[in-house]
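Keep the 3D view open as you read.

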Amino acid sequence: MTDMRVGELDVISRGAGATAPDESTYSSFVDPSTFCAVVGHSPCGVSVVTARDADGCSHGITVSSYASLSLDPPMMLICIDTRSRIHPVLSVARSFAVNILSAEQESLARQFSSRADDRFAGIRCSPGKSGDLLIADALAFLECRLVNAVRAGDHTIFIGAVSAAQARDGTPLLRYRGAYTEPLTRRPSDM
Ligand SMILES: Cc1cc2nc3c(=O)[nH]c(=O)nc-3n(C[C@H](O)[C@H](O)[C@H](O)COP(=O)(O)O)c2cc1C
């Protein structure tokens, strides 16, 4: 698998047969607020993605647009706003970590989506095998080697090959219709 970075993407994706939407496609889009309201009906997990810049300084962001992508090899994807502070970090990073938050970690989701300069203030975490920070008591983590990035609208899809992963029993934090929530039924082992 070859490493690719955001700058190269247009050429690469077109070469692979992908087609960019033409102007008439864009004009038929629903407005963003309708889009958000509608997709918000699908509950999703909440994670904190961490990565390091060229100086080794850690960055983190709350991300609900994450998903498993491939089984063999195991791969994850995260979708990151091109205007976010972590976007330029990920664009040159070699790796990132996805920390899946538990229902008890709503305050972390708020902190890592805030405008705070130091989002790690007061957060217990430690470096994983790749060096990216893993958040204490997260429900699960996946450490990923960044292998590809695909620009899509105002986001970039960063794709990582999973190099380490671990989970514990617990209840996930969910986002549903613009609010934090958790599954109505907890697993028996969580009660
Ligand atoms: C529940 C929740 C989920 C979010 N999911 C994403 C996401 O998937 N991708 C993304 O780029 N930003 C997401 N955000 C927004 C970022 O966490 C962050 O607030 C925004 O990008 C501003 O970051 P910046 O201050 O680093 O620029 C989410 C925010 C919240 C509250």
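This is a predicted model: local features need pLDDT of at least 70, side-chain atom pairs count only at pLDDT 80 or more; totals for chains, interfaces and linings use all residues.

A51 has H59, in β3, as its bridge partner. Residues are numbered from 1 along each chain as its sequence is written. Strands here are DSSP runs of E with at least two residues, helices are runs of H or I with at least four residues, and both are numbered from the N terminus.

Strand β2 (residues 47–52) and β3 run antiparallel and are joined by 6 bridges; two strands count as paired if DSSP finds at least two bridges between them. The hairpin of β2 and β3 has 5 residues between the strands, and there G56 takes a positive phi near 85 degrees. β2 also pairs with β6, again in the antiparallel sense, over 4 bridges. In that pairing, V49 stands opposite V98 in β6.

Now step back to the whole sheet. It is an open sheet of 7 strands in the order β3-β2-β6-β9-β10-β5-β4, with antiparallel pairing. β3 and β4 (66–70) stand at the edges with a single partner strand each, so one side of each has no neighbour in the sheet. From one strand to the next, the twist averages 35 degrees, taking axes as lines fitted to C-alpha atoms and angles from 0 to 180 degrees between N-to-C directions.

A second open sheet has 3 strands, in the order β1-β11-β12, and its pairing is antiparallel. Its edges are β1 (44–45) and β12, each with a single partner strand, so one side of each is left without a neighbour in the sheet. β1 is joined to β11 by 2 bridges, and G45 stands opposite L174 in β11. In total, the protein has 5 helices and 12 strands.

The largest nonpolar core here has 36 residues, and V49, I78, F96, A97 and V98 touch the most other members. Such a core is a set of buried Ala, Val, Leu, Ile, Met, Phe, Trp, Tyr and Cys residues joined through C-beta atoms within 7 Å. Among the elements that give two or more residues to this core are β2, β3, α4 (87–92) and β6 (95–100), and β9 supplies the largest share, with 5 residues. "Buried" means that 20 or more other C-beta atoms lie within 10 Å of a residue's own, "exposed" means 12 or fewer, and "partly exposed" is in between, with C-beta atoms placed from the backbone. By that count, 28% of the 191 residues are buried.

N148 lies in strand β9, and N148 is buried because 22 other C-beta atoms lie within 10 Å. Two residues are in contact if their C-beta atoms, placed from the backbone, lie within 7 Å. Among contacts between residues at least 6 apart in sequence, 64% join residues at least 24 apart.

Some backbone details deserve a look too. Most residues other than glycine have a negative phi, and most peptide bonds are trans. D72 and P73, however, are joined by a cis peptide bond with omega about 5 degrees, and P73 sits in the loop between β4 and β5. D137 is not a glycine, yet has a positive phi of about 70 degrees; D137 lies in the loop between β8 and β9 and counts as partly exposed because it has 14 C-beta neighbours inside 10 Å. R177, also not a glycine, has a positive phi of about 50 degrees. R177 lies in the loop between β11 (174–176) and β12 (179–181) and is exposed, with 12 other C-beta atoms within 10 Å.

Finally, which residues lie closest to the ligand? They are S65, D81, S84, R85 and S113, in a shell of 16 residues; a residue belongs there if its C-beta atom, placed from the backbone, lies within 6 Å of the molecule. β3 (58–63) and β5 (75–81) each supply at least two residues of this shell. The shell divides into 7 nonpolar, 5 polar and 4 charged residues, where Ala, Val, Leu, Ile, Met, Phe, Trp, Tyr, Cys and Pro count as nonpolar, Asp, Glu, Lys and Arg as charged, and the others, Gly among them, as polar.
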